[in-house]
Amino acid sequence: MKRSLFLPSTSVLTLILTLFLLLISARTASQEAMASRIAPDILRFHVLAASNSSKDQTLKLGVRDTILSVIQSSAPKNASKPQLERWIAQHRSQLICAAENWLSSQDAPAPVSLSLTRDYFPTKTYGQASFPCGVYDAVRVTIGNGKGRNGWCVLYPSLCLTDSLTATVPDRSRSQLAHMMDSKDYETIFHEPPKVEIRFRLLDLITGADS
């Protein structure tokens with residue numbers, strides 16, 4: 001039998017789009033609610049590159065690693081989140097100087113700013129850990145005018161991994177997270193986010209996709 005196909009009406013397309021947006025909105029609201037629960041115990045790290053050129057994006061990673069190296073070698077061991085925030089605030093000039101000196105060593109001098117902020121972060125995965133979108137406390141570093149793509153990681157507990165796709169989250173960081181948050185939130189963070197495949201059965205029926 002010959003299959004007949006026809007385009008769905010504008011009203012049906014509008015309904016489908018509305019349903020899709022509602023699903024996305026519900027998913028975002030769920031992630032933001034989880035973020036509000038775990039954010040008090042998390043300190044993010046946010047580095048803004050000077051531009052999107054390949055050179056400036058590479059320099060962004062170097063600045064990130066330079067500042068992380070100073071923090072990891074000089075900050076108090078086993079510091080809590082508030083203690084780490086205080087140390088960073090007190091040693092802000094030292095961290096900026098280290099970053100600017102490194103940039104100069106690369107023949108790419110540029111001003112660097114560093115501040116403790118509260119920012120909205122998109123959903124991000126670091127090694128085996130996926131953190132939901134939402135508002136978090138953060139250390140924000142800006143190189144030059146900060147017009148380039150961002151670099152993100154988690155400063156406390158330490159999840160700033162060089163290769164965020166394959167690196168293994170340190171056992172100590174996992175243990176800290178397990179003690180910080182509800183077991184369900186912990187399980188959500190350390191399970192790969194489901195790949196949501198949205199099929200609109202109504203559209204299949206209208207277009208004859210199953211005929």
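A crossing of two helices is left-handed if the near helix is turned anticlockwise from the far one by less than a right angle, and right-handed if clockwise. The model is predicted, so local features need pLDDT of at least 70 and side-chain atom pairs 80 or more, while totals for chains, interfaces and linings use all residues. Residues are numbered from 1 along each chain, and side-chain values use heavy atoms, without hydrogens or water.

Q: Is the crossing of H2 and H3 left-handed or right-handed?
A: Helices here are DSSP runs of H or I, at least four residues, and strands are runs of E, at least two, numbered from the N terminus. The axes of H2 (residues 54-74) and H3 (residues 81-90) come within 12 Å and cross at roughly 120°. The crossing is right-handed.

Q: Which residues in H3 do Val70, Ile71 and Ser74 meet?
A: Contact means heavy atoms within 4.5 Å. From H2, Val70, Ile71 and Ser74 meet three residues in H3: Leu84, Trp87 and Ile88.

Q: Within what arc do the buried residues of H3 fall?
A: Lys81, Leu84, Trp87 and Ile88 are the buried residues of H3 (buried: under 20% relative accessible area, 1.4 Å probe, protein chains only). Seen down the axis of H3, they line one face of the helix, because they fall within an arc of 125°.

Q: How many residues apart in sequence are the parts tied together by Phe121 and Trp152?
A: Phe121 and Trp152 form an aromatic pair (ring centres within 6.5 Å), 4.9 Å centre to centre. The planes are 70° apart, which is edge-to-face (over 60 degrees; under 30 is stacked and the rest tilted). Phe121 lies in strand S2 and Trp152 in strand S6, so the parts tied together are apart in sequence by 31 residues.

Definitions and conventions. Axes are lines fitted to C-alpha atoms, for helices over the stretch in contact, and angles run from 0 to 180 degrees between N-to-C directions. Buried means under 20% relative accessible area, exposed over 50%, partly exposed in between (1.4 Å probe, protein chains only). The arc is that of the directions from the helix axis to the C-beta atoms. Rings of Phe, Tyr and Trp (its six-membered ring) pair if their centres lie within 6.5 Å; planes under 30 degrees apart count as stacked, over 60 as edge-to-face and the rest as tilted.
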